[in-house]
Amino acid sequence: FPILSDQEWKIFGLYGFKRPTNQKRIKPALLLIGKDHLIKYSYIGKNYLDRLSILQLKKIIKSYD
C-alpha cells in the first residue's frame, strides 16, 4: 500500500480536516483511504507522541483487505 506524507495538509484538507494554527506541535494523524477514495479509518493523536504502532496499523489494514 502506498504511504503519503502530507506535511502541507493538501490531502487532509481535501477530506475536510483543518490544520491547527494555534499549536506549537502538530498532532500525528493517519487516514486510510480506500481505492474508492473514501476514508476507511482515521486517527488523530492527542499529542506528538500519540501514534499507532506498526502492529496496530498492520492489523487495521488487514481488516480492510
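**Entry 1: D50**

Which backbone nitrogen does the side chain of D50 reach? I found that the side chain of D50 reaches the backbone nitrogen of K46 at 2.8 Å. I count this under polar contacts (pairs of N or O atoms within 3.5 Å; within protein, one must be able to donate a hydrogen and the other to accept it, and residues adjacent in sequence count only if both atoms are side-chain atoms).

I note at the outset that this is a predicted model, in which local features need pLDDT of at least 70, side-chain atom pairs count only at pLDDT 80 or more, and totals for chains, interfaces and linings use all residues. Residues are numbered from 1 along each chain as its sequence is written, and side-chain values use heavy atoms, with hydrogens and water left out.

I located D50 in the loop between β2 (39-44) and α2 (54-63). Helices (H or I, at least four residues) and strands (E, at least two) are DSSP runs, numbered from the N terminus. D50 is buried yet has no salt bridge, and the nearest side chain of opposite charge, K46, is 4.3 Å away. Buried means under 20% relative accessible area, exposed over 50%, and partly exposed in between (1.4 Å probe, protein chains only). A salt bridge is a side-chain nitrogen of Lys or Arg within 4 Å of a carboxyl oxygen of Asp or Glu. For charge, Lys and Arg count as positive and Asp and Glu as negative, while His and the chain ends are not counted.

Leaving out residues up to four places away in sequence, I listed P28, Y43 and G45 as touching D50; contact means heavy atoms within 4.5 Å.

**Entry 2: D6**

D6 is buried and has no salt bridge; K10, the nearest side chain of opposite charge, is 7.2 Å away. Which backbone nitrogens lie by a polar atom of the side chain of D6? I found the backbone nitrogen of K10 at 2.9 Å and the backbone nitrogen of I11 at 2.8 Å. Neighbours within four places in sequence set aside, D6 is in contact with I11 and F12.

**Entry 3: the salt bridge**

How many salt bridges does the structure hold? I found one. The side chains of K40 and D36 meet in a salt bridge at 2.9 Å, N to O. K40 counts as partly exposed because its relative accessibility is 33%, and D36 counts as partly exposed because its value is 40%.

**Entry 4: the elements as a whole**

I recorded two helices and two strands in the protein, and their order from the N terminus on is α-β-β-α. Of the 65 residues in the protein, buried residues make up 18%. I also looked up contacts between residues at least 6 apart in sequence; 14% of these join residues at least 24 apart.

I examined L31, which lies in strand β1 (residues 29-33). L31 counts as buried because its relative accessible area is 17%. L31 and S42 are 11 residues apart in sequence and 4.5 Å apart in space, C-alpha to C-alpha. Beyond four places in sequence, L31 touches F12, Y15, F17, I39, Y41 and S42.

L32 also lies in strand β1. L32 is buried, with a relative accessible area of 16%. I noted that L32 and Y43 are 11 residues apart in sequence and 9.0 Å apart in space, C-alpha to C-alpha. Among the residues that L32 touches beyond four places in sequence are L57, I60 and I61.

**Entry 5: H37**

Is H37 buried or exposed? H37 counts as exposed because its relative accessibility is 58%. I placed H37 in the loop between β1 and β2. H37 has a positive phi of about 70° although it is not a glycine. Most residues other than glycine have a negative phi.

**Entry 6: the largest pocket**

The largest pocket is lined by 33 residues, of which P2, L4, L30, L31 and L32 lie nearest its centre. The elements that give two or more residues to its lining are α1 (10-14), β1, β2 and α2. Which element gives the most to this lining? I recorded β1, with five residues.

On a 1 Å grid over the protein atoms alone, a pocket is an open set of points where a 1.4 Å probe fits, with protein on both sides within 12 Å along at least five of seven lines; lining residues have an atom within 4 Å of a point.
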